[in-house]
Amino acid sequence: MKCIMDLHTHTFGSGHGYSTLKENIEAAKAVGLMYLGLSEHGPAMPGGPHEYFFSNYKCIPRQYGDLRLFCGIEANIMDIDGSLDLPEALFERMDYVIASMHLPCITPGSRKENTRASVNAMKNPYVKILGHPDDARYPLDYDELVRAAKEEQVILEVNNSSPHPLSPRQGARENIITMLDACAKYQVPVIMGTDSHICYTIGRFEAALSLIEEVQFPKELVLNDKPECIEQLVNIRIL
């Protein structure tokens, strides 16, 4: 599989990233990506940028030779109602929105409560991707989650950084496998994201690909090598 897109990446702007946007762009070009996404954490994350940061995306060029850059956000799910940490007036100006749960922003609840929070976030019309739904600290009903993703046409992420031995997310490997089984059952597509916080991991999906191959997940349901699917994931504009 020749992956041509990585839409979950961070820079210094997230407060705990270690590379510049220029370094990420150069890394993406070096590994042959066609599409790179900038998805800084929302302002509720400690160290995250102020909402003014996201309102100024207009100044960032989107084309770098053969590489197209999309400027979005990894918004924080804040409560059981699926509220996110930016006003919709800003979401509508972005290229795409990832919604994720993070410990500093939402206290883990029961399986039912976490699933409700995730499903409600996916009902937001600007949310394109649900980020790393794999952390056992936030137990989820994967059958319900996958069926909701199909109904809302939101893409579920297979996060390459979650299974890392030093990742704070718990049970990620087992949870990703459970999610992939449900996605195969309901024919729901997924996208791999590196969740890069440093340029050296941009476009490198070894852990995610290993799990996809281990469970023999249908490759036609993995979007990373399908440029024709980019319009499912971002708002294409003439810039």
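**Aromatic pairs in a predicted chain**

**View 1. Ring pairs join Phe53, Phe54 and Tyr57 into a cluster.** Rings of Phe, Tyr and Trp (its six-membered ring) pair if their centres lie within 6.5 Å; planes under 30 degrees apart are stacked, over 60 edge-to-face, the rest tilted. The model is predicted: local features need pLDDT of at least 70, side-chain atom pairs count only at pLDDT 80 or more, and totals for chains, interfaces and linings use all residues. Residues are numbered from 1 along each chain as its sequence is written, and side-chain values use heavy atoms, without hydrogens and water.

**View 2. Tyrosine 35 faces a partner from another strand.** The pairing rule gives 5 aromatic pairs. The ring centres of tyrosine 35 and phenylalanine 70 lie 5.8 Å apart with planes at 35 degrees, so this pair is tilted. Tyrosine 35 belongs to strand S2 (residues 35-41) and phenylalanine 70 to strand S4 (residues 67-76), so the pair ties together parts 35 residues apart in sequence. Strands are DSSP runs of E, at least two residues, numbered from the N terminus. Tyrosine 35 is buried at 13% relative accessible area. Phenylalanine 70 is buried at 1%. Buried means under 20%, exposed over 50%, partly exposed in between (1.4 Å probe, protein chains only).

**View 3. Phenylalanine 53 and tyrosine 57 pair edge-to-face.** Their centres are 5.8 Å apart, with 75 degrees between the planes. Phenylalanine 53 is partly exposed at 31% relative accessibility. Tyrosine 57 is buried at 3%. Across the chain, buried residues make up 54% of the 239 residues.

Definitions and conventions:
Helices (H or I, at least four residues) and strands (E, at least two) are DSSP runs, numbered from the N terminus.
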